[in-house]
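Please look at the sequence and the structure below with the arrangement of strands in mind.

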Amino acid sequence: MAEKTRQWYNENLQYNGQALADAFVLNCTNFKRDGYFLELGSRHPKENNNSYLLEKGFGWKGIMVDKEKTYEEDYKTQRPNSIAIIQDATEIDYKKVFKDNDLSYNLDFFQLDLEVRDNTALETLTKINEELFDEYRFATITMEHDIYTGLDNAIETRNKSREILKERGYYLVFEDIIDPPHSAYPCVDSPYEDWWVYPELVDIHYIKELQQKNKHEYTKEKEIFCFRSYDLRY
């Protein structure tokens with residue numbers, strides 16, 4: 001049987017993430033099998049979930065974190081290959097969790113989708129930076145900052161997260177992403193997150209080609225130049 005191509009996957013897969021971040025992750029990792037993710041702010045185990053397709057379609061495993069108990073039982077039945085931690089993301093000992101689970105130093109996807117208004121997102125990224133980034137690297141990262149709100153916390157979160165990730169060697173691929181209009185809670189005019197890669201863990205030539213292919217897909221919302229996630233071409 002012929003190996004499936006990037007084009008085949010993108011024409012046939014049902015991407016599931018709210019902003020189609022799963023399409024970004026899979027394309028940047030060349031549709032890797034048996035990858036590993038850290039997902040902070042998991043919410044529903046399937047609906048608008050960035051790691052659902054990774055686990056169900058490509059055999060990935062991961063650590064899912066959410067402080068709400070709403071979906072605790074659903075994680076067990078719908079996401080049996082992953083570890084669900086029901087706890088405030090700012091209070092977890094990440095280094096211990098990673099050591100206890102004997103994780104590789106090179107991982108595939110880190111999602112930080114946490115509240116910006118109360119500074120949870122930036123506080124957690126700072127904690128991750130201190131506890132994990134000296135040893136662990138992620139091929140892809142999606143980082144929420146909610147810049148569309150115009151709040152001081154959002155501005156600080158975007159600025160500081162970019163400073164931290166650039167200092168750690170990450171490469172900003174698409175900034176200020178907005179949602180498809182058909183998502184459950186669409187932010188179609190509200191730029192709210194950045195998408196990154198770690199150059200040594202991806203095909204950086206493909207990443208540069210991806211940027212070049214999409215360089216004209218910028219739009220302007222709330223005086224911010226941003227990318228429409230649904231118009232990105234892989």
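## A strand and its sheet

In this predicted model, threonine 142 has tryptophan 195 in β7 as its bridge partner. Tryptophan 195 of β7 also stands opposite phenylalanine 174. The strand β7 itself, residues 193-197, is mostly covered, with 5 of its 5 residues buried. Glu193, Trp195 and Val197 point one way from β7, while Asp194 and Trp196 point the other way, and all are buried.

As background, the strands of a sheet pair through backbone hydrogen bonds, and they may do so in a parallel or an antiparallel sense.

| Strand | Partner | Sense | Bridges |
|---|---|---|---|
| β5 (residues 137-144) | β7 | antiparallel | 5 bridges |
| β6 (residues 171-178) | β7 | antiparallel | 4 bridges |
| β4 (residues 106-112) | β5 | parallel | 6 bridges |

Helix α6, which covers residues 120-131, lies across β1 (36-40), β4 and β5, and runs at about 160° to β4. Helix α8, residues 204-213, packs on the sheet as well, where it touches β6 and β7, and its direction makes about 40° with that of β6.

Taken as a whole, the open sheet is formed by 9 strands in the order β3-β2-β1-β4-β5-β7-β6-β9-β8, with mixed pairing. Because β3 (83-86) and β8 (218-221) stand at the edges and each has a single partner strand, one side of each is left without a neighbour in the sheet. From one strand to the next, the twist averages 25°.

Terms used
Residues are numbered from 1 along each chain as its sequence is written. This is a predicted model: local features need pLDDT of at least 70, side-chain atom pairs count only at pLDDT 80 or more; totals for chains, interfaces and linings use all residues. Side-chain values use heavy atoms; hydrogens and water are left out. Buried means under 20% relative accessible area, exposed over 50%, partly exposed in between (1.4 Å probe, protein chains only). Helices (H or I, at least four residues) and strands (E, at least two) are DSSP runs, numbered from the N terminus. Two strands pair if DSSP finds at least two bridges between them. Axes are lines fitted to C-alpha atoms, for helices over the stretch in contact, and angles run from 0 to 180 degrees between N-to-C directions. Contact means heavy atoms within 4.5 Å.
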